Amino acid sequence: MFIKSPIKDFQLARFPTNHDASLRAWDAADELVLSWLEEHSPEQPPALILNDSFGAIALGSGGLISISDSKLSAMATELNARKNDVNCPQLLDALTPLPKTEGPIIIKIPKSMELLAYQLRKLRAQLADGQVIVGAAMVKHLPKRALELFEQIIGPTTTSLAKKKARLLFSHLDSSLSASSLPQSAFSYQEREYQSHANVFSSKSIDIGTRFLLQHLPHLPERGQIADLGCGNGIIGVECALRAPESDIHFFDESSMAIDSARYNWDHLVGSSRVAQFNWVDTFGSTPANHFDLVINNPPFHQGQVIGDFLAWNMFTASLRCLKVHGQLVIVGNRHLNYHGKLKKLFGNCETIASNAKFVILRATKLR
Ligand SMILES: C[S@@+](CC[C@H](N)C(=O)[O-])C[C@H]1O[C@@H](n2cnc3c(N)ncnc32)[C@H](O)[C@@H]1O
């Protein structure tokens, strides 16, 4: 499928690719921002682009720096640049300090308003007088709160007319507003305080599925390799580390904010003198096969606004590859998602460790 852009027509793919082929890798908000750039900034490509899902805005406009919390988005942008034989923008994670820039800044409005607030505060600190921030979103994904945040953090903000159910916001700096400090959320579990950056799953309270999983953790290997796959703020890996003081713990997440939160919680709750591995990657990245004794996972059920079990399936498949023979995958999931059937298909076995009205905890063993 092709998207028209000021540079050329691009063939763009989503990443990961192995699910519903009818889903496009861009939306009408991406198209609207590309045509705005063509009309209003033809000579100057955008300096910074934030939260571009699969590279449509960055590649379509020749943007210089693309910032995303998501490793999947960064990988999609790289793959799509290669596929279309164009330069890939510099790719930065969500926590890297922003450079001072000239020219328009484009921000695709994220699902998390905490992430939007975090990003606007960071942008404000390096924004030049007269520099415009252009927000882009589908109207159905543009809450009133987003406009309020632009006005409270940046300054006067106007909106475009809607086109194909998408809308742009234009925000200019009001230097008299005071920029407050960056947000961080926290909650307590077993008298331990878990901190999370803005975009991290269940940052203000422990997820009820995670709580149920921690109540029914299986026997942990004493001197084993344990993976917390899709670690969020790292609560599962940290709790395992405290129960298995001689095991090695490996954290994996595609969110840079999640990985940084897990590292922070590890340092404060386990101690930085105990070594652990922190990986900002898609599933297990380049981890070799047959590596772990135990993988623990509370699988994701959406990528951005798209809900589905394709990410969980990828995680189960990657776990089968990375587990040692006799190694185990333990997951918690909503009862109705039928993870039992998926694990049975992949591993040839699956047992229920615990269940309640809402969740099941399942274990699958790699047999060969
Ligand atoms: C349901 S949350 C669980 C978070 C944490 N383990 C907890 O229990 O609070 C799923 C996590 O998987 C991460 N994730 C989603 N897709 C991923 C992928 N392809 N590779 C690695 N992590 C991913 C998300 O960023 C999120 O942190």
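Contact here means heavy atoms within 4.5 Å. The model is predicted, so local features need pLDDT of at least 70 and side-chain atom pairs count only at pLDDT 80 or more, while totals for chains, interfaces and linings use all residues. Residues are numbered from 1 along each chain as its sequence is written, and side-chain values use heavy atoms, with hydrogens and water left out.

**Glu-78**

Glu-78 belongs to helix H3 (residues 71–84); helices (H or I, at least four residues) and strands (E, at least two) are DSSP runs numbered from the N terminus. Leaving aside neighbours within four places in sequence, Glu-78 is in contact with Cys-88 and Leu-91. Its C-alpha atom is separated by 7.9 Å from that of Gly-55, 23 residues apart along the chain. Glu-78 counts as partly exposed because its relative accessibility is 38% (buried is under 20% relative accessible area, exposed over 50%, partly exposed in between, with a 1.4 Å probe and protein chains only).

**The seven-stranded sheet**

An open sheet of 7 strands with mixed pairing has the order S14-S13-S12-S15-S18-S20-S19; two strands pair if DSSP finds at least two bridges between them. Strands S14 (277–280) and S19 (351–355) stand at the edges with a single partner strand each, so one side of each is left without a neighbour in the sheet. On average, neighbouring strands are turned by 15° against each other, direction ignored. Strands S12 (residues 225–229) and S13 (residues 248–253) pair in the parallel sense over 5 bridges, and Gln-225 has Asp-248 in S13 as its bridge partner.

Axes are lines fitted to C-alpha atoms, for helices over the stretch in contact, and angles run from 0 to 180 degrees between N-to-C directions.

| Helix | Lies across | Angle to S18 |
|---|---|---|
| H9 (residues 310–322) | S12, S15 (292–297), S18 (323–334) | about 160° |
| H10 (residues 339–347) | S18, S19, S20 (359–365) | about 165° |

**The second largest pocket**

A pocket is an open set of points on a 1 Å grid over the protein atoms alone, where a 1.4 Å probe fits, with protein on both sides within 12 Å along at least five of seven lines; lining residues have an atom within 4 Å of a point. The second largest pocket has a volume of about 240 Å³, the volume being the space filled by probe spheres set on the points, which are joined across faces, edges and corners. Of its 13 lining residues, Lys-4, Glu-31, Leu-32, Leu-34 and Ser-35 are the closest to the centre. Strand S1 (2–4) and helix H1 (28–40) are the elements that give two or more residues to the lining, and H1 gives the most, with 6 residues.
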